[in-house]
Amino acid sequence: MRGRILQYNGSDGSGVITADGQQYKFTITAWKSATAPAVGKTVELVTVGDQVQSVTLVGDDVLLREKTAELTGKLGGLVGDLTKGGASGVGGSLVARYGVPLLVAYAVFLISTLAFNALSMQMLGMKQGVSLFDLGKAFAASGGGGGGAVKLLLLLAYASIAAPLVWPDKRAWLALLLPLLAVLWGFLSIRRVMGGAGPMSELFSYGLGFYLAVIAALVLAVGAWQRYRAAA
């Protein structure tokens with residue numbers, strides 16, 4: 001059963017795991033991994049009744065493969081649904097309006113900024129990460145790293161896909177430049193935060209979500225600019 005560490009006390013080796021809507025207490029004697037337990041980590045646990053028999057850390061590489069498989073499945077389903085819509089259906093209309101590359105790039109941007117780590121931190125042999133959207137929320141709450149600009153730009157970027165549908169003007173395509181602007185602003189905000197961390201900045205690195213978002217945003221920007229130039 002898959003769960004997440006909700007609490008952990010290193011002094012006595014006790015903790016709490018949440019899984020399937022329930023909470024399970026465990027002790028370090030049930031821990032089966034080489035690295036120490038940490039709050040927020042995903043684990044695989046074996047229980048007998050309410051008693052935890054074993055707890056094993058689910059590695060970041062496993063989670064990354066699972067997210068990649070999920071992303072691939074979602075993109076495949078999206079493209080399949082769109083191409084099956086037919087020329088007279090909603091899917092066909094969207095494909096005709098945007099083209100499959102733009103729609104796929106938008107889906108990649110959406111998922112990579114929401115579900116994949118844009119920033120990772122390596123400390124004491126453990127690696128933790130956070131998505132670009134969660135970073136934007138943290139910046140907005142703290143007033144640092146550009147304040148709420150990252151979060152606001154991301155929200156506008158998510159809504160930008162609708163602009164060419166609701167505004168019958170070629171300038172509506174320029175709204176699809178917002179994802180690239182959001183990523184660039186996020187990059188500058190992260191650099192400011194890392195610059196203020198001093199030697200601790202060496203613990204941080206960009207995650208897969210950041211690179212996927214950059215690629216998707218570039219595809220959207222190039223495609224949008226081409227549509228803008230080609231429009232009458």
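A residue is taken as buried when its relative accessible area is under 20% and as exposed when that area is over 50%. In the predicted model described here, Thr 42 has a relative accessibility of 9% and therefore counts as buried. Across the protein chain, which has 232 residues, buried residues make up 37%. The chain exposes about 12300 Å², of which carbon and sulfur atoms supply 63%.

The secondary structure of the protein chain comprises eight helices and eight strands. Of the contacts between residues at least 6 apart in sequence, 57% join residues at least 24 apart.

Thr 42 belongs to strand β4, which spans residues 42-48. Its side chain forms a polar contact of 3.4 Å with the side chain of Arg 4. When neighbours within four places in sequence are set aside, the residues in contact with Thr 42 are Arg 2, Gly 3, Arg 4, Leu 57, Val 58 and Leu 63.

Strand β3 covers residues 22-27 and contains Gln 23. In contrast to the buried Thr 42, Gln 23 is exposed, because its relative accessible area of 57% is over the 50% cut-off. Apart from neighbours within four places in sequence, Gln 23 is in contact with Leu 6, Val 16, Ile 17 and Thr 18.

The loop between β2 (14-19) and β3 holds Asp 20. This residue adopts a positive phi of about 50°, although it is not a glycine. Asp 20 has a relative accessibility of 61% and so counts as exposed.

A polar contact of 2.7 Å links the side chain of Thr 29 to that of Thr 27. Thr 29 is also 8.3 Å from Ser 54, C-alpha to C-alpha, at a sequence separation of 25 residues.

Lys 32 is situated in the loop between β3 and β4 as well. With a relative accessibility of 52%, Lys 32 counts as exposed. Beyond its neighbours within four places in sequence, Lys 32 is in contact with Gln 53, Ser 54, Val 55 and Thr 56. For Thr 56, the C-alpha to C-alpha distance from Lys 32 is 5.2 Å, and the two residues are 24 apart in sequence. Ser 54 accordingly features both among the contacts of Lys 32 and in the C-alpha distance given for Thr 29.

The packing of two helices was also examined. Two packed helices are described by the angle between their axes and by the distance between those axes. For helix α7 (residues 178-195) and helix α8 (residues 208-230), the axes come within 8 Å and cross at roughly 145°. The crossing of α7 past α8 is left-handed. On the α7 side, the contact is made by Pro 179, Leu 180, Val 183 and Phe 187. The α8 side contributes Phe 210, Ala 213, Val 214, Ala 217, Leu 218, Leu 220 and Ala 221. By residue class, the contact of α7 with α8 consists of eleven nonpolar residues, with no polar and no charged residues.

Note on methods. Residues are numbered from 1 along each chain as its sequence is written. This is a predicted model: local features need pLDDT of at least 70, side-chain atom pairs count only at pLDDT 80 or more; totals for chains, interfaces and linings use all residues. Side-chain values use heavy atoms; hydrogens and water are left out. Helices (H or I, at least four residues) and strands (E, at least two) are DSSP runs, numbered from the N terminus. Buried means under 20% relative accessible area, exposed over 50%, partly exposed in between (1.4 Å probe, protein chains only). A polar contact is a pair of N or O atoms within 3.5 Å; within protein, one must be able to donate a hydrogen and the other to accept it, and residues adjacent in sequence count only if both atoms are side-chain atoms. Contact means heavy atoms within 4.5 Å. Accessible areas come from the Shrake-Rupley method with a 1.4 Å probe; for residues, only the protein chains shown count as cover. Axes are lines fitted to C-alpha atoms, for helices over the stretch in contact, and angles run from 0 to 180 degrees between N-to-C directions. A crossing is left-handed if the near helix is turned anticlockwise from the far one by less than a right angle, and right-handed if clockwise. Ala, Val, Leu, Ile, Met, Phe, Trp, Tyr, Cys and Pro count as nonpolar, Asp, Glu, Lys and Arg as charged, and the others, Gly among them, as polar.
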